[in-house]
Amino acid sequence: MKSNYDVIVVGSGAGGAMSAYMLTHAGYRVLMLEAGRDYDPASETPMFQMERDAPLRGAATPDRPKGYYMATHNGGWEIEGQPYTHADGEQFNWFRTRMLGGRTNHWARWSPRYGPYDFKPKSRDGLGVDWPFAYEDIADWYDKTERLIGVYGRNDGLENHPDSAPDAIQPAPAPRAYELFMKAACDELGIPCVPVNRAVLTRPLDDRAACFYATHCMRGCSIGAAFQTTTSLLPMAKKTGKLNIKTGAMVREVLTDSSGRPNGVEFIDQATNTHHQVHARVVVLAASACETARLMLNSTSENHPDGLANTSGQVGRNLLDNPQSKPVVAYFPALDGRPNYDEFGAASAHLHIPWWLYQEQARGELDFQRGYQLIFFGGRQPPGMGLGGVADLADGYGRDLKQQVRSQFGSTMTFIAQGEMIPSDDCYCEIDPNVKDRWGIPVLKYHWKWSDQEQRQARHMRQTILTLVERLQGQIVTLPEEDDFLSPGGTCIHEVGTARMGDDPTLSVTNQYGQCWDADNLFLMDGSVFASEAHKNPTLTILMLAMRNSEYLAQQLSKGEL
Amino acid sequence: MSDRYQPKVNRRTTLKWMASVMGASLMTYGCTPAVTPTSRRADLGVAKAISGGGYGQDASMIHPLVPWSKTMSKAQMQITARVCDLILPRDEHSPAASDVGVPDFIDEWVSAPYPQQQQDREIVLEGLLWLEQQALDQFQRSFVDLDRGEAASILDTIAYADKVAHRLQPQTRFFARLRWLALGAFYTTEEGIRDLNFVGNQPIAGDYPGASPEALDHINQVLTGMGLPQQQV
């Protein structure tokens, strides 16, 4: 393929699409390579399809592990012909979504900012590493990102949960009755219970409509209210005439010239099963944290025997995910019989509990470092299998059972805690020398162990949930055991950290701009560059970094530095 | 019982099927005269083998299809319908389970080629056979021919969590699972959703208003009773 491109971007999810948006708007010609198929949200989103129209009432299966309608095509925990392996007795779950827009089509859109403590964790508690910048250095970029993608939320001025510029944030939807019920217990216990920030419009933006408070965001959003790259950044970048997207293009390796400098990529066109090489001045990897590490580790040559840009040996290391609890389900008899009204709202939770015990932790009063957030959802949502736990609660049969269900429907809540882990030598991925995927590309092998730190944090998560349930006179429906409270690594689908940024080239893969220390024209624009992972959902920070670092990249290009 | 379950399929299939059920039922239960209650073994026929794969990872979300065939025998379906109607009978709010095709869904579920469903298949099919055996042992008739009181005397031993004999725990797990499936199937139908009085998931104009004033009043009364602080939207 003849090179007509300044930059090749690998991946069309949050980081890749933001990068392509910024670079094309700066006037550069971009080729985007996406391993998955093309996807058209306008015609493929099941906005109002009913669970009863889907096989098994839409229940999760290995083919659609988050339910039939969650916008995942050719994706999931396992994909045929695209395996990954584990060290003996260890488990890491790797969710991939092989379609244009990647996981942005179905993510929950939760968009919290990292705060001052989150970028300087080592300075605070001595564990892990600091990021190469402070919150104050990038706060403006969060504002710019929020303005561009559209985020609703509220400025509550909480410690380490930064406020947005007033014009960067849209109004959050009002809480439902069951959420206020939970908030009352939190108020008494001194726990914050505040609006969730989400990348969903409550006011129109560009061509995108505001939310109309129906159909679940995880199905994708054909009206564009819920942010996904396929209805926003990608069409906007295409409008410049500078973006060419090739789907079904599985990148095998980054190519280098005789001096070892990257100059393009080799990909497999899945439609024809043919290999192609394409060249450009700059290569941006945004294939998702683990896929990006895999690509770098598979890009070996005489100059790069251990993989590209890996003289630090850190590529694939420091793999992080938010330690996530298994779901706890509880029934609250006090919610029975509340006057009926529309509790659908913006589909996801309107309130949540962000971490709040920073001072207690600083005083050494807790037996773990770093925080977690508590997510709770429930109420009267469209019925699906399980009825939000009511079907597990059911007893007996007959007319009494029907009355029981009628009265308990919407009175259950599900809790999930999502924490922060410390980077660990036990958690990483590497190339498995013995296994290849359907295209002959060596696959990843995962190593994963939760440490005592995460186990202690999990006990605290569980106790907080039980305290809230008890105060609200709830009855437990489902409660995982204390020593089995966390899901396996990767389950949160927040994997990051496999090529972290830093100030020291011997301990990090990139500088603060995602620019590889070993190759100044190779940039990483996905979650791989995270130096730590706060308990907060990472996508807003991926988008923010991709925006900031793509502007830096564009400046370097304009100066003729690359 | 005279009102046999009819799958929610087209009339022609139904008629053909009714004819074969009558035959099957006669063969299973009518051909061996003068058996003693204890010697008679329940026979519900054999479910067909699972055929066809799953729907795959790229199935259409706009036009969903169930690619696998149903597999339950006619006799298994009859008992399923009878039990589902005992679990979810017609009342003043909604029809019975079999009026809205719940037994067909159970068949769809246990016939699906996925691990969870395969696990449920074993539980459900064994449980149905156990019910039939109880009916034969206790009443010398098929479960589908028991009157409500007779059927209830069997179900009562496995349907209530706090009243189960230790030896019946597998049967209790079966009943809980079948009930779980029936509830999900039933309350996702139009009739079931209406019974729950579910409103929402309909586009609204303007901002989402949050808890209604009436619902807020209710919550605040509840909170007062618990000694918790009042809330505002």
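**Entry 1: cores**

I looked up the nonpolar cores and began with the largest, where Val7(A), Ile8(A), Val10(A), Val30(A), Val200(A) and Val284(A) touch the most other members out of 172 residues. A nonpolar core here is a set of buried Ala, Val, Leu, Ile, Met, Phe, Trp, Tyr and Cys residues joined through C-beta atoms within 7 Å. I note that a residue is buried if 20 or more other C-beta atoms lie within 10 Å of its own, exposed if 12 or fewer, and partly exposed in between, with C-beta atoms placed from the backbone. Helix H13 of chain A, residues 539–558, gives the most to this core, namely 9 residues. Helices (H or I, at least four residues) and strands (E, at least two) are DSSP runs, numbered from the N terminus. I also found a second, separate core of 61 residues, which includes Phe409(A), Val102(B), Val110(B) and Ile193(B).

This is a predicted model: local features need pLDDT of at least 70 and side-chain atom pairs count only at pLDDT 80 or more, while totals for chains, interfaces and linings use all residues. Residues are numbered from 1 along each chain as its sequence is written, and chains are lettered from A and ligands numbered from 1 in the order in which they are written.

I then listed the contacts of Val200(A), leaving aside its neighbours within four places in sequence: Arg109(A), Tyr152(A), Cys211(A), Cys217(A), Ala225(A), Ala226(A), Phe227(A) and Ala346(A). Two residues are in contact if their C-beta atoms, placed from the backbone, lie within 7 Å.

**Entry 2: a covered helix**

I checked helix H8 of chain A, residues 289–298, and found 9 of its 10 residues buried. The buried residues of H8(A) are Ala289(A), Cys290(A), Glu291(A), Thr292(A), Ala293(A), Arg294(A), Leu295(A), Met296(A) and Leu297(A). Their cover includes five strands of chain A: E10 (249–256), E12 (274–285), E17 (428–436), E18 (442–447) and E21 (519–524).

**Entry 3: H6 against H12**

Two packed helices are described by the angle between their axes and the distance between the axes. On the side of H6(A), Met182(A), Ala185(A) and Leu189(A) meet Thr467(A), Leu468(A) and Arg471(A) in H12(A). By class, this contact has 4 nonpolar, 1 polar and 1 charged residues. Ala, Val, Leu, Ile, Met, Phe, Trp, Tyr, Cys and Pro count as nonpolar, Asp, Glu, Lys and Arg as charged, and the others, Gly among them, as polar.

**Entry 4: chain A against chain B**

I counted the interface next: 69 residues from chain A and 60 residues from chain B. On the side of chain A that touches chain B, strand E3 (75–76), H6, helix H10 (390–393) and helix H11 (399–408) give two or more residues. The largest share, 8 residues, comes from H6(A). By class, that side of chain A has 35 nonpolar, 15 polar and 19 charged residues.

**Entry 5: chain B**

I recorded 8 helices and 0 strands for chain B. Of its 233 residues, 39% are buried. Among its contacts between residues at least 6 apart in sequence, 60% join residues at least 24 apart.

Trp130(B) lies in helix H4 of chain B, residues 115–139. I have Trp130(B) as partly exposed because 19 C-beta neighbours lie inside 10 Å. Trp130(B) and Asp99(B) are 31 residues apart in sequence and 25 Å apart in space, C-alpha to C-alpha.

I looked at positive phi values in residues other than glycine. Leu56(A) has phi near 55° and is in the loop between helix H2 (41–44) and E3. Leu56(A) counts as buried, with 25 C-beta neighbours inside 10 Å. Ala347(A) has phi near 70° and is in the loop between strand E13 (328–331) and strand E14 (351–352). Ala347(A) counts as buried, with 25 C-beta neighbours inside 10 Å.

Last, I placed Glu136(A) in helix H5, residues 135–149. Glu136(A) is exposed, with 10 other C-beta atoms within 10 Å.
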